Amino acid sequence: MIERLQIEEIKTDEEAIDAIDSERWRHGFLCPRCQCIKGYRHKNRKLIECAQCGKQTSPTANTIFHGTRKPLLDLKLLDLMSRGCNLSTSAISKAYKIGYATLWYHANIARLALRVLGLVQRSFIDCDSLRRGLTKQAKGDEVGERQPDLFFREEAPEILITAVTNFLILVFTGVSRKYVQAYLTQYELFLNQQPHSLAELLEAAFRSRICRRELRNYRSPPAVLIDAHSFVPA
Ligand SMILES: [Zn+2]
């Protein structure tokens with residue numbers, strides 16, 4: 001019985017995969033190769049075989065969980081971030097007793113996946129305005145593409161830019177420009193502190209395409225987005 005599980009009930013990686021499997025096809029199967037909606041469950045493995053083209057699809061294929069070896073950690077991090085977390089990656093890595101490099105990957109995938117939980121009406125911040133908080137280097141630290149819809153957005157107020165910069169410095173002792181959007185999402189969720197059900201978190205996760213492989217190629221755009229709505233100046 002895995003109907004609408006809560007995250008606290010999931011204790012093992014196997015149960016995490018069961019939960020992902022159950023939510024992935026909740027609205028029906030869709031073959032990623034030919035878009036056929038008819039498939040058959042594999043008898044022994046967690047796969048669905050497309051009735052039309054025969055492609056076998058796992059519940060994690062083409063999602064942020066693609067190739068994950070720690071699905072339980074992925075779910076825990078989605079939950080932790082969505083509740084609002086002001087811990088650095090190394091603080092979480094110590095709390096979870098998981099090596100920094102491993103935790104870093106899983107945490108950034110979770111942060112970027114949760115971007116879709118924010119309000120659609122986000123403001124933008126030019127990365128140059130955050131430079132005091134951009135003290136770390138990342139491999140391939142170039143700037144990404146400019147968002148096509150920036151024209152319709154407002155620039156975030158100065159006071160929010162200062163608050164974001166302080167968060168980046170105080171919590172992370174600065175971040176890299178390459179991944180600054182991920183840390184801004186953590187800040188945004190920290191301000192929001194909205195509880196989300198496991199189903200909502202997984203729905204958000206399924207909309208993100210950034211799995212471990214894509215994370216290396218990810219680059220924050222030159223202007224990053226933030227939900228200024230929940231920000232109340234102190
Ligand atoms: Zn197919």
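How many helices and strands does the secondary structure of the protein chain comprise? It comprises eight helices and five strands, where helices (H or I, at least four residues) and strands (E, at least two) are DSSP runs numbered from the N terminus. This is a predicted model, in which local features need pLDDT of at least 70, side-chain atom pairs count only at pLDDT 80 or more, and totals for chains, interfaces and linings use all residues. Residues are numbered from 1 along each chain as its sequence is written.

View 1. Helix α1 covers residues 13–24. A16, I17, A19, I20, E23 and R24 are buried in α1 (20 or more other C-beta atoms within 10 Å of the residue's own, with C-beta atoms placed from the backbone). Seen down the helix axis, the buried residues of α1 fall within an arc of 160°, so they line one face; the arc is that of the directions from the axis to the C-beta atoms.

**View 2. Cover over α1.** Among the elements covering the buried residues of α1 are α2 (71–82) and α7 (198–207).

**View 3. Strands β4 and β5.** Strand β4 (residues 123–126) pairs with β5 in the antiparallel sense over four bridges (pairing requires at least two DSSP bridges). S123 has I226 of β5 as its bridge partner. Strand β5 (residues 223–226) is covered on both faces, with A223 and L225 buried on one side and V224 and I226 buried on the other.

Note on methods:
Expected span 1.5 Å × (residues − 1). Buried ≥ 20, exposed ≤ 12 C-beta atoms within 10 Å, placed from the backbone. Contact = placed C-beta atoms within 7 Å.
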